[in-house]
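The entries follow the order in which I looked things up.

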Number of protein chains: 4
Amino acid sequence: MQLMEATGIREAFHNVRKHSEHICAPLETEDYVPQPVAFVSPPKWHLAHSTWFFETFILKPQVPDYRVYDPDFNYLFNSYYNNVGERTLRTDRGNVTRPTTQAVYAYRRYVDAQMDAFLEDLTDPEILALVELGLHHEQQHQELLITDIKYILGHNPLFPVYRKGQNMVDGRNTETGFLAIPEGIYDIGHHGEGFCFDNELGRHKVYLHDFEIAKGLVTNGEYIEFMEAGGYQDFNLWLDEGWSWVNQNHITAPMYWHLIDGEWHYFTLEGLQKADPEAILSHISFFEAAAFAQWKGMRLPTEFEWEIASANLDWGQRWEWTNSAYLPYPGFSKAPGAVGEYNGKFMVNQMVLRGASVATSPGHARKTYRNFFHTHERWQYTGIRLAR
Amino acid sequence: MQLMEATGIREAFHNVRKHSEHICAPLETEDYVPQPVAFVSPPKWHLAHSTWFFETFILKPQVPDYRVYDPDFNYLFNSYYNNVGERTLRTDRGNVTRPTTQAVYAYRRYVDAQMDAFLEDLTDPEILALVELGLHHEQQHQELLITDIKYILGHNPLFPVYRKGQNMVDGRNTETGFLAIPEGIYDIGHHGEGFCFDNELGRHKVYLHDFEIAKGLVTNGEYIEFMEAGGYQDFNLWLDEGWSWVNQNHITAPMYWHLIDGEWHYFTLEGLQKADPEAILSHISFFEAAAFAQWKGMRLPTEFEWEIASANLDWGQRWEWTNSAYLPYPGFSKAPGAVGEYNGKFMVNQMVLRGASVATSPGHARKTYRNFFHTHERWQYTGIRLAR
Amino acid sequence: MQLMEATGIREAFHNVRKHSEHICAPLETEDYVPQPVAFVSPPKWHLAHSTWFFETFILKPQVPDYRVYDPDFNYLFNSYYNNVGERTLRTDRGNVTRPTTQAVYAYRRYVDAQMDAFLEDLTDPEILALVELGLHHEQQHQELLITDIKYILGHNPLFPVYRKGQNMVDGRNTETGFLAIPEGIYDIGHHGEGFCFDNELGRHKVYLHDFEIAKGLVTNGEYIEFMEAGGYQDFNLWLDEGWSWVNQNHITAPMYWHLIDGEWHYFTLEGLQKADPEAILSHISFFEAAAFAQWKGMRLPTEFEWEIASANLDWGQRWEWTNSAYLPYPGFSKAPGAVGEYNGKFMVNQMVLRGASVATSPGHARKTYRNFFHTHERWQYTGIRLAR
Amino acid sequence: MQLMEATGIREAFHNVRKHSEHICAPLETEDYVPQPVAFVSPPKWHLAHSTWFFETFILKPQVPDYRVYDPDFNYLFNSYYNNVGERTLRTDRGNVTRPTTQAVYAYRRYVDAQMDAFLEDLTDPEILALVELGLHHEQQHQELLITDIKYILGHNPLFPVYRKGQNMVDGRNTETGFLAIPEGIYDIGHHGEGFCFDNELGRHKVYLHDFEIAKGLVTNGEYIEFMEAGGYQDFNLWLDEGWSWVNQNHITAPMYWHLIDGEWHYFTLEGLQKADPEAILSHISFFEAAAFAQWKGMRLPTEFEWEIASANLDWGQRWEWTNSAYLPYPGFSKAPGAVGEYNGKFMVNQMVLRGASVATSPGHARKTYRNFFHTHERWQYTGIRLAR
């Protein structure tokens, strides 16, 4: 396990937990509260929910006489685990002002202390695996914390700065050109000892035909060309649902972009800046990625092509949209109980993203990792890699 | 002017401004942020908006070389004055985490200091009247502060206590029976020297026919009888739009009521309590008021009947729904400019409420006061007085 | 009773029933079917529903051994009488293709024959009054038939002609200037022997202040001036809900108006025509009427002013929006049972229109008639009369 | 080409066109009009649209001096070809009463005569292929005609009979048990001379792992077991979006099913009937198919598994939901122009169905045929085949 390798579980636990709080350090108390759209959760909620995970799945079942911190928190900080009781409606999270942020931090300290004691003597591999799952779960929420904070600040008319020096969209490609992969049978899915989520399991064979995949990601400059060529006005480039999405939402640019006095700017975590044409494009939906590829006369890679090519690609700055729908691998089956709700139930009407992003926590990236979002979502650090 | 009579404008200004902050004193920082529904505004917003009013309508036009505190605040804290530039969409207020609560208090202190200096020598009666309007405007927001805070806390699954000792729904009637008023011509509308809003002006005659009006308001106990008699299930009692409202929203009780183990409870500012059958009913919509009156074989009074009877009634605990639509008095005309947007543009599709409520600020009640809400709204301290 | 005076009830029945079918004579079978918006009903439905009224309220209760034509029709052709069983959802009417139009005409013939026999010996004044109510009810649906047919054809891209020679919007004013009415006590509401609806009853006194009312209605030409002066872009002229309505629905002209090559046209029952600037304006909402009056520096009359002035006005071409909300007269009470659902339950959130229109059936107009619609509706032949 | 093999293009054209009218023969004129939901089109529209296809893509470009039947029809009967001018909004089709049904039949006769003359000497293989595409297009609309007619009649409270003897849901399985397919590389996609749509092209290899596939489809009786075991109440069985769909739409049974006096009935084209437990289940969504498979501890096959197994399966009664998302085959590219809009732009957020149904026109079924619908749609004759 990458998270634990050099350190052991207690230190891994400590590091991951600390990192969530480090992400929130620049926030004002008010920033912890709102849920501006259904898919963005309040930072306060992320901090509590990732704590609730350890309390509910580790401490309560494993520690004799464990005293639950507050029975109401189960109701408030459950996310989507129908197996663990009634949930707050997801869209209501932003109206729950109590417990306060301070109370949530107290909750963290309580659970952290209990966990620390519990981990001291923990050797049962099954429980260790569950703790590790909890840490990876918290890392997923760390990425969401960053993107949700960006959404909250980026939709404030004052465009507040999150943290000086943490721009996150200024990365550039290190390579150009295309990588060619020959036709044949390839192995897909996780193997080896390290951690992975259940949706990566089921190592299996796929048959790939010859293809070429770009070594670099699409840049802001290339995307501005698409925009200036009328890309958002030409229905021939768009999937039918994409065309409806563009028109119903009056989409004319990636998320966070603003045309000011004829020049493209975008909101970054350092505030509003001029768009850098050399930097890698971010914050586009699957619909936009597919339209751009169509305009280029190319296509998006499948997730299998991506996985095979990844060994020879420089990746990790953007989650990369693939043209693969999020579906189970052969042999996939849901684990029983709440943990089984983790991935399987989302395997419909979403597309797979591969890679990792600038917001991904250290030790959380893998070439077999399968991320997934709905086709219109773009508040993540998403990007485009072309194939042909 | 009631607010100023004994005190002068500076002290009145000081008192009103302090009272807003007194109302917010028990809040946690988080409570200042959310807007759970469109008609509830964040407490932070109320504090800033009432301050913005003085800056925009008094300081900017009257004080030479006045330095605006922050030009962005005009955009953020304008409410519905189309004449004063672009507004934040009303439903987005809950996502605006910056400026922080602390920054809003700093804004108040800045404007208060400027106003204090300005008021010292103020004698121009027109400007004095505008300051007075600003104070009454802030008092209106004080009432909204209380009811919006109740909404935010009352929809939190933890039912937090706002302030011990401030229950606000435990008042009882001091009188029973009916008051009879004879047929004749009566004078309606504000007269005399004191302050009033433009919608009360245009003293005019109306002809009233004989009527009787209840000396007391409907109690929780009487309303429970209506509920137990199947009032919410009998369409014959309801206006057609009321019946749709009941069914679409699954309404079975007043707002804040919960049936727990067969007993009615309601959320109060002191937390969840058993419903007191002797106390005066609160938090009902016009639709519910009209259905209850129909069930009783009576009706709601008109606003004119209420105004004439009020001299002999004990009123002031609840805003009382009348069966009068909110329309202009004869001779009403909108003032030019932003102040003219105050009342006139809302004179359609709302019903008049008369009286005042437990949440009304001291000195803000008048028998000619015309409050108005949509027929489904019930987060105010609304009540029912019957007529026949 | 105007309908019966010279003729007796059988002939009145015969004439009214024939007139409904005369209105539908130019229709194709397809035109009888759709319900393009919730407030427009299929012509087939109007023909069946007005028949259902006689079957349900006269024949079933009064004729011994009466054989109901088809028990399903009660379910299908009830409109809003909750007391008479389950209703088809109003918005689903356009999908009910069976019974066919021909079957509905057969239903009419059956009920007409039964009614004809029943009326021969009818002398009971209470039942006579109910038959008369049924005839006035059918006349109300005749007006809706015309306006609903106009809506169906007027929203067809081919703009089909309904009936050559039946333009209906080419009428002009016969008088100009203003009529002055002195302050005083006036009597309002129906009196005398003739028929009226329950909402006109309760003859009572109102006190009116001095006012002047226009002798003519607003013309297309005057309204075009308002449009060209930017009336639809100036929020100061509009009620707040009106301004939202304009913006959400992108309203830029009255209903049925189209700007073609820089010239205003409108759909009439004779097809698309150039707007006649001398003709009386039609198809405007209350919001538009109020904004126009504001622009002129005048106002709309109240329904009481209108009723008193009407003796000296030339009226009857347009339903005229008043600034009175639709509310009960003093002493109004709902009749028990289904007939009591006729008017009372709609007395909220609608405005009163007075007069009658070119689509009103002969013998159906009265100066005490109170029509009412929601503030955004404009598919009736509505117009504007100014007051000051 | 199956359609043409024994007959030649003129006879094939004649047969296909006649078949559309045969399907509509039992309809009343009124049945041709409505569009009860967005995905159901009026029968009148289907008849006109399939005619418009031949006029627009064959006659106009190929026949010199061709006189277009009516220029307005291009606007009215275009479906989704953005390349061929403005379209009627899809949800407005049910309000377009003119042209009448009779006029649409006249349009068919005109185009049929022109096509008949044109086909006499047609030898150009490219044009022949386009005519063939038009016939397959019309056959697709024939299937929609049947299912749309069922929807219109099946949502009429009178449950009218379409055609005696045409039940369409009484078919039974001829085989039971499972078919085993060994691991290996298989060829997928259309090959050979016959007609296919562009989405079937790009014959390519896939790697399949061992699997077993049911020889029979799920029956009503098996599905009733699922219902009685609480299948619609157990969130563990459902995809997350499926569970939302069940709850938001209060789904408790397949489409057209009604529980009457404790017994399951369904609407068929012969009217309402008792559900036959031995007959093959129909009218279920992908969500329901997936939940049922989960309950059985099995899964749905992929479209590739289905295609390989199909040679040894008895199929053709139901469109069978697969667990494959509708995506392009390797090498797929959109044809330029309007014909290129046929399939490619729908390749997102839909699932593939394989097979054919009782409503599929003769000669229209192929084992490589890829049908596709959204995951909640169920008005087609859809069914479930299990795999493991």
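This is a predicted model: local features need pLDDT of at least 70, side-chain atom pairs count only at pLDDT 80 or more; totals for chains, interfaces and linings use all residues.

**Entry 1. Helix H1 of chain D.**

I began with helix H1 of chain D, residues 9–24. The helix has 16 residues and reaches 23 Å from its first C-alpha to its last, close to the 22 Å expected at 1.5 Å a residue. I listed its buried residues as D:Ile9, D:Ala12, D:Phe13, D:Val16, D:Arg17, D:Ser20 and D:Ile23. Viewed down the axis of H1(D), these buried residues fall within an arc of 125 degrees, so they line one face of the helix. On the other side of H1(D) I found D:Lys18, D:Glu21 and D:His22 exposed.

I then asked which helices the buried residues of H1(D) pack against. The partners, in chain D, are helix H2 (43–62), helix H4 (101–120) and helix H5 (125–154).

**Entry 2. Confidence.** I checked the scores before turning to the interfaces. Chain A has a mean pLDDT of 94, and 94% of its residues reach 70 or more. The model scores ipTM 0.95 and pTM 0.95.

**Entry 3. Chains D and A.** I superposed chain D on chain A by a rotation of 180 degrees with 0.0 Å of shift along its axis, at an RMSD of 0.0 Å. That is the relation of a two-fold axis. The same surface serves both copies, as 100% of the contact residues of chain D recur in chain A.

For the contact itself I recorded 21 residues of chain D and 21 residues of chain A. Strand E3 (204–208), helix H7 (240–248) and strand E8 (319–325) of chain D are the elements that give two or more residues to the side touching chain A. E3(D) gives the most, with four residues. Sorted by class, this side of chain D has 11 nonpolar, six polar and four charged residues.

**Entry 4. Chains B and A.** Chain B is superposed on chain A by a rotation of 180 degrees with 0.1 Å of shift along its axis, and the RMSD is 0.0 Å. Which residue of chain B comes closest to the rotation axis? I found B:Glu30, whose C-alpha is at 2.9 Å. I noted that 100% of the interface residues of chain B are also interface residues in chain A, so the copies meet through the same surface.

This contact takes 23 residues from chain B and 23 residues from chain A. Helix H3 (residues 71–77) of chain B gives the most to the side that touches chain A, with three residues.

**Entry 5. Pairs without contact.** I found no contact between chain A and chain C, whose closest C-alpha atoms lie 14 Å apart. Chain B and chain D do not touch either, and their nearest C-alpha atoms are 14 Å apart.

**Entry 6. D:Trp295.** I located D:Trp295 in helix H8 (residues 286–295) of chain D. Is D:Trp295 buried, exposed or partly exposed? With 17 C-beta neighbours inside 10 Å, D:Trp295 counts as partly exposed.

Leaving aside neighbours within four places in sequence, I found D:Trp295 in contact with D:Phe226, D:Gly231 and D:Leu237. I also looked up D:Asp234, which is 61 residues from D:Trp295 along the chain; their C-alpha atoms are separated by 9.6 Å.

Terms used:
Residues are numbered from 1 along each chain as its sequence is written. Chains are lettered from A and ligands numbered from 1 in the order in which they are written. Copies are superposed by least squares on the C-alpha atoms of residues with pLDDT of at least 70 in both. Two residues are in contact if their C-beta atoms, placed from the backbone, lie within 7 Å. pLDDT is the predictor's confidence in each residue, from 0 to 100. The expected span of a helix is 1.5 Å times one less than its number of residues. A residue is buried if 20 or more other C-beta atoms lie within 10 Å of its own, exposed if 12 or fewer, and partly exposed in between; C-beta atoms are placed from the backbone. The arc is that of the directions from the helix axis to the C-beta atoms. Ala, Val, Leu, Ile, Met, Phe, Trp, Tyr, Cys and Pro count as nonpolar, Asp, Glu, Lys and Arg as charged, and the others, Gly among them, as polar.
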